[in-house]
Amino acid sequence: MSVLEAVIRSVAVVAAFLVLPLLVGQTEHKFMAHMQGRLGPMYAGGWHGWAQLIADAAKFVQKEDVIPAAADRGVFRIAPAVALIPYMAGLAFIPIGDGIVGADVPASAFAVLAALGVGILGHLMGGWASANKYSMIGAMRGAAQLVAYELPMVLAVASVALAAGTLSLSGIVEQWQPWWLLWQLPGAIVFFIAALAEINRTPFDMPIADSEIVFGAFTEYTGLRFAFFLLAEYAGIVVMALLFTVLYLGGWAGPLAASLGVVWTLLKAWIIAAIIVWMRVSWPRLREDQLHRLAWVWLIPIALFQLALTAVVVVMTR
Amino acid sequence: MSQGPFAFVAGLAGGLRTTARTMRRTAITQEYPDVLPDLPPRSRGVIALVEENCTSCMLCARECPDWCIYIDSHKETIPATTPGGRDRQRNVLDRFAIDFALCMYCGICIEACPFDALHWSPVFELAETDIRDLLHERDRLAKWAQTIPPPQPLDPAAPDPAELAASRKPARPARPAADGAAAAERPARPERPERPARAERPDRPPRAERPAGAERPERPERPARPPRVEPAERSMPLPRPQTDDHGAEAPRAAAPEAPAAPEAAAAPEAPATAGEDATTQVLPTVASDPVATDGPGAQA
């Protein structure tokens, strides 16, 4: 890989990282509004408020950057970056078409999961450095949530990797067949729920539960740093939706996959993101203890069952 | 999850179904700056002034809970129209302003205006970039008067106005003849002759007959209470004449303690005596002056 190719791939990943979360955010704006009997943004940009999130970004840039007096300034400052970068790294490993990937590595499924696990460090750092009890509670909730949900998630991904016989996401898509939808369904459900919990989306948004702990780890953040945390949240949706698409929905598999592969991947991922938004509008938040009960009593046994089922089928068919 | 996982999942699906159904419906939002709102009749937007009707009576300004109405006026003399006639005076409005930064849109000024000079107008876009511009002077208030909507038609099921209802009420049946004479004079009137009798009650002799010295022995019985202070406490503390009628005043201050309330209540029904009784009992300090000059004080 030449330097030029590396630069082009990096720029492409950064561009996707900046554009796709905005698309998800706009989807959330409009879906949420119409599901609540509203119109949502209608003015920014002219046509149905398509530029609302760009206007929001411009607003965030202008805002004062406040750092609490008691805050641990250095940690407070770099926490948004620590939350943001892992999702960008994760996005680089996810293929959206046949050979269209930021960085094609042999164990990309492993790499994505490893990168996503780091994101919570940004929350912990922000929560701790803010010198605010609500920030602290939010960060601790996020960390506990990650510990509880990383395990079923990894088990579910391990099941798919076992079925495909490879840890490469591109390899998994190549091996994927439609009947896997049924075979891997329990694992898909577990992965989806665990992904929701990992990116702190309703009904698992206790770390930022705004009606309980202000805004969790982001309580003391303003301006651009706060916007980075929000961008990380939506980038998380993008990464998880793409990962779900690649692992369980066959990625770019579909009619005219050779030419429309990327479209299929993005469309499937967008539908997953829309479902995530739909759940946010429809469902209340779980209590903290219900969250952990769900993980340890339901998700991990189901994930283990899926792993065993996959192993049995793989052994019997090959 | 208390009802089992299936009820739980059914509840989740129900939530998704509800939001999906709402999404299919068109939002009823009126996009305000582009679409003007459909205001109800009698909506309270801004207060309009019909200057011709204003008599500068200040009722609105005085009733305003926020004191947001400013009225300046002066009197002008209208010369008599007939020789030997009397000159008339009228109020001329110099300034009428409402500070909508203070106004809370209660509408009390409009209710209070006896000449319908103030009206609600549905215009509501009053925002200004400078708070001082929210003080609407008379020319602006008069401009709002052109936006007053015509009155709503009456509800056909509404009761008649009070004036109509009164005019339609059947006339009262005539009273029996025997009562008629008494009714003409009011039943309370015949009691009037009783009042002199009450004034001669033993504990309270008529003032003119009260000998100053006869009541004096009462004073030592209540040495702790200076007789002057007590009536003053019960009414407004007015300046009192410090003359030598001191002794004559003392018994009067002490005596009316018990009958004070009934006498005050009875005062209006006896105009002839009420003038004296009411003033002496309800406002003893004021009444002391005539008593001091031509009452027992003069005798003493």
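Eleven residues of chain A are in contact with ten residues of chain B, where contact means that the C-beta atoms of two residues, placed from the backbone, lie within 7 Å. On the chain A side, the elements that give two or more residues are helix 1 (3-35) and helix 11 (257-282). Helix 11 of chain A gives the most, with three residues. By class, this side of chain A has six nonpolar, four polar and one charged residues. The classes are simple: Ala, Val, Leu, Ile, Met, Phe, Trp, Tyr, Cys and Pro are nonpolar, Asp, Glu, Lys and Arg are charged, and the others, Gly among them, are polar.

A word on the source. This is a predicted model, in which local features need pLDDT of at least 70 and side-chain atom pairs count only at pLDDT 80 or more, while totals for chains, interfaces and linings use all residues. Residues are numbered from 1 along each chain as its sequence is written, and chains are lettered from A and ligands numbered from 1 in the order in which they are written. Helices (H or I, at least four residues) and strands (E, at least two) are DSSP runs, numbered from the N terminus.

Now helix 1 of chain A. After helix 1 of chain A comes A:Gly37, with a positive phi near 75°.

Next, helix pairs. Two packed helices are described by the angle between their axes and the distance between the axes. Axes here are lines fitted to C-alpha atoms, for helices over the stretch in contact, and angles run from 0 to 180 degrees between N-to-C directions. Angles under 35 degrees count as roughly parallel, over 145 as roughly antiparallel, 65 to 115 as roughly perpendicular and the rest as oblique. A crossing is left-handed if the near helix is turned anticlockwise from the far one by less than a right angle, and right-handed if clockwise.

The axes of helix 1 and helix 11 of chain A come within 9 Å and cross at roughly 40°, so the two helices are oblique to each other. Their crossing is right-handed. Among the contact residues are A:Val24, A:Phe31 and A:Met35 of helix 1 and A:Ala273, A:Val277 and A:Trp278 of helix 11. The contact has nine nonpolar, one polar and one charged residues.

Helix 3 and helix 4 (residues 108-129) of chain A have axes that come within 8 Å and cross at roughly 165°. They are therefore roughly antiparallel, and the crossing is left-handed. Their contact divides into 19 nonpolar, six polar and no charged residues.

For helix 5 (residues 133-164) and helix 12 (residues 288-317) of chain A, the axes come within 8 Å and cross at roughly 15°. This pair is therefore roughly parallel, again with a left-handed crossing. Here the contact residues are 19 nonpolar, five polar and two charged.

Chain B has 13 helices and five strands. Of its 300 residues, 14% count as buried. Helix 1 of chain B is hardly covered, with one buried residue among its 20.

Last, the backbone. Most residues other than glycine have a negative phi. A:Asn200, not a glycine, has a positive phi of about 60°. The residue is in the loop between helix 8 (185-198) and helix 9 (210-213) of chain A. Is A:Asn200 buried or exposed? A:Asn200 is buried, with 25 other C-beta atoms within 10 Å. In chain B, B:Ser56 has a positive phi near 55° and is in the loop between strand 1 (46-49) and helix 2 (59-63). B:Ser56 counts as partly exposed, with 19 C-beta neighbours inside 10 Å.

Technical notes: A residue is buried if 20 or more other C-beta atoms lie within 10 Å of its own, exposed if 12 or fewer, and partly exposed in between; C-beta atoms are placed from the backbone.
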